[in-house]
Amino acid sequence: MGTHSDNAVRPVLLTGNGGIDRCSGRRLDEVWLAAAWSHPTTRVFVVSGGQALVEGKPDGRTELVMTPSFDAPLTEAHRYFLGEDADGVRYFALQKDSLPGRMDDTARPAGLREAAALLDERDQELLVHAVALENWQRMHRFCSRCGERTVIAAAGHIRRCPACGAEHYPRTDPAVIMLVTDAEDRALLGRQVHWPPGRWSTLAGFVEPGESIEEAVVREVAEEAGIPVTGVEYQASQPWPFPSSLMLGFFCRTAGSPEPHIDGDEIEQARWFSREELRAAIESGEILPPYRISIASHLLELWYGKPLPTAVRDPG
Ligand SMILES: [Zn+2]
């Protein structure tokens, strides 16, 4: 996905490389959806509070626990249609208040952060879609125009207001995340105030109303580190439904090697790292790099030129 294709950087996790056709044109076709739901090859999984059941296979893979629809827990309303794979198998997620129990003990609940590192691309794609819809559904039960309770429609992709007729669509909040380099090609990393001890990552922030994403990159780096940047260059994106972000990843540059001036509110430390300094800091356990599933890790690896060294004691 990045522009640097001559290295062995891992793909961005949670992005839609899983071969699922969302079939968005089918979401209003109730007859088609009903037939898809009851088809014997259709597969269903339950999503609840951002979690789904996963299970390890004898060959070492981990998969979402899915059942045919006739085996699925009963719910008419909170049935999200997620799409169809190349073999014509259709997938639905059921939103429930809790995950179903299982007779055997091979299955266990996993959230998206954990599951993303375990599941194959198809299951990642299905789960991130389901979790994003669940988060949006849960937080948009009332009409933002008139305050009335809304109802689910379009197989989970619309909420309609019966009082005023408004249609509400899933919301995605764009956020920018950027790797800043200086004149010596060192990378700027920072520490947010609320992060666990030792964790460092790239700077990031939300795009504000009436702002372009390039402007957001420049503003966030200035606010958080006091550094002027230019050359904002898009690299890759990642859905990040915690609860509803879309991370837009960039490289950008600053002239010279200005000393960071942190804001102290969001960022408590920021400093430049050469590749050698970063390697040494990670290997010694002085710092923990960004979580491996995050796009920050991807951006950092693009700059580093290869996978980052393994931290001595990284729980993530
Ligand atoms: Zn309304």
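Is Trp-240 buried or exposed in this structure? Trp-240 is buried, with a relative accessible area of 17%, which falls under the 20% cut-off for that label. Keep in mind that this is a predicted model. Let's look at its aromatic rings, starting from a simple idea: a pair of rings is described by how far apart the centres lie and by the angle of the planes. The structure holds seven aromatic pairs, and two of them are described below.

**Trp-37 and Phe-92**
- The ring centres of Trp-37 and Phe-92 are 5.1 Å apart and the planes meet at 90 degrees, so this pair is edge-to-face.
- The pair links distant parts of the chain, 55 residues apart: Trp-37 belongs to helix α1 (residues 30-38), and Phe-92 to strand β6 (residues 90-95).
- Trp-37 is buried, at 12% relative accessible area, and Phe-92 is buried too, at 1%.
- Trp-37 and Phe-92 also belong to one aromatic cluster, together with Trp-32 and Phe-81.

**Trp-240 and Phe-242**
- Here the ring centres of Trp-240 and Phe-242 lie 4.8 Å apart with planes at 75 degrees, so this pair is edge-to-face.
- Trp-240 is buried at 17%, whereas Phe-242 is partly exposed at 28% relative accessibility.

**Charges over rings**
- Arg-79 places its charged end over the ring of Trp-37, 3.8 Å from the ring centre.
- Arg-113 has its charged end over the ring of Phe-242, with 4.0 Å to the ring centre.

Key
Residues are numbered from 1 along each chain as its sequence is written. This is a predicted model: local features need pLDDT of at least 70, side-chain atom pairs count only at pLDDT 80 or more; totals for chains, interfaces and linings use all residues. Side-chain values use heavy atoms; hydrogens and water are left out. Rings of Phe, Tyr and Trp (its six-membered ring) pair if their centres lie within 6.5 Å; planes under 30 degrees apart count as stacked, over 60 as edge-to-face and the rest as tilted. Helices (H or I, at least four residues) and strands (E, at least two) are DSSP runs, numbered from the N terminus. Buried means under 20% relative accessible area, exposed over 50%, partly exposed in between (1.4 Å probe, protein chains only). A charge sits over a ring if NZ of Lys or CZ of Arg is within 6 Å of the ring centre and within 35 degrees of the ring normal.
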